[in-house]
Amino acid sequence: MKFGTKVIHAGIEPDPSTGAIMTPIFQTSTYVQQSPGEHQGYEYARTQNPTRSALEKNLAALENGVDAICYASGLAAMDAVLKLLNPGDEVISTNDLYGGSYRLMTKVFAKYGLTFKFVDLSEATDLKTHLNDQTKLVWIETPTNPMLNIVDIQAICNQVNEATMVCVDNTFASPYLQNPLDLGADMVLHSATKYLGGHSDVIHGAIITRDQETADQLRFLQNAVGAVPGPQDCFLILRGIKTLHLRVQRSCENAAKIARFLKDHPAVSKVYFPGFKDHPNHEIAKKQMKDFGGMVSFDLHQNTFDAAKQVLSNTHFFSLAESLGGVESLIGHPASMTHASIPKEERLKVGLTDSLIRLSIGIEDVEDLIDDLNKALATLD
Ligand SMILES: Cc1ncc(COP(=O)(O)O)c(C=O)c1O
């Protein structure tokens, strides 16, 4: 199956009891057994749920993986990956990653004996100098959030040995644009809250694995720990995925036009967008992504929080909100919103200034979006 067919058909069967074409929401906590141990594959809904199973099969197909496990949120999925490790193990991670991921690593798992090293993984040649016998996981986010750096997934995977797993947070790209398992990664993580769901109406997460053994360990952990998504949330993600390719393609097209508009705007000092030929990782993005994504970040010549606030408070179609990947365009201020949990000196090292603005480009008509930004930027004196 090609991608546009997979999103609609992979893992999805009409409901055998009624023929319903849409996977039903199996709102049940348990399943009746004929005699002890004699059941239809489902015992208790923390362990298995048919709506969740359909979504997991679909996600495994979209990422060319062997299996997928769904969670109550993207961070619950990340929590499960980190629980595969043991005290004393080390994780090497991108140095500009989602603030919540940074917080989970440094404020939660650091307490349990894991160590974390944050490095610029967009300089892939450097990785070898950071690896040691304790390194058990390399955590990649690409494109990074919010600086939109690109990490060469294949180059990283080629440098690690069998004992070190590579997990790629593929939230920003979505499986439509990038399939990390094909490039050598062991696991892919999604905050399905974003492009997979696509309609800003659900919190959800998933991990897709390239081997069954890792999936089995994750399933064991999930059943033991209990971070499961509800069946209605799984249904919403399944429904969102059906238009993933159309939505992401349109977002990419809009984003390229908006990035160009911002680059030419006199109030804008810098635009971060991997689609530009002068983006430092443009060639890698071209190699590993189908298109350059729907996210654009930019900075202002007036590099103060007040100036950013002025723009952030004067858009109409761009709603000021956390999150990304929905059909509607969002505008955000990483320093005070998504990345507030990262210390200021760490933020500034990667260019995440107080005046940096992040856009999640939706699927509206691009002329209206450009007009909206133009009017908001015109309010700066
Ligand atoms: C790149 C990335 N990864 C993970 C997460 C966490 O996902 P969730 O909010 O679904 O827990 C987010 C949330 O914004 C994100 O942007």
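**Aromatic contacts in a predicted model**

F118 is partly exposed, with 25% relative accessible area, where partly exposed lies between buried (under 20%) and exposed (over 50%), using a 1.4 Å probe and protein chains only. The model is predicted, so local features need pLDDT of at least 70 and side-chain atom pairs count only at pLDDT 80 or more, while totals for chains, interfaces and linings use all residues. Residues are numbered from 1 along each chain as its sequence is written, and side-chain values use heavy atoms, without hydrogens and water.

Trainee: How many aromatic pairs does a search of the whole structure find?

Mentor: Rings of Phe, Tyr and Trp (its six-membered ring) pair if their centres lie within 6.5 Å. By that criterion, the number of aromatic pairs found in the whole structure is four.

Trainee: Is the pair of Y102 and F118 stacked, edge-to-face or tilted?

Mentor: Planes under 30 degrees apart count as stacked, over 60 as edge-to-face and the rest as tilted. The ring centres of Y102 and F118 are 4.9 Å apart with planes at 45°, so the pair is tilted.

Trainee: Is Y102 buried or exposed?

Mentor: The relative accessible area of Y102 is 13%. Because buried means under 20%, Y102 is buried.

Trainee: Which residue lies over the face of F276?

Mentor: F276 is itself buried, at 6% relative accessible area. A charge sits over a ring if NZ of Lys or CZ of Arg is within 6 Å of the ring centre and within 35 degrees of the ring normal. At 4.0 Å from the ring centre of F276, the residue over its face is K263.
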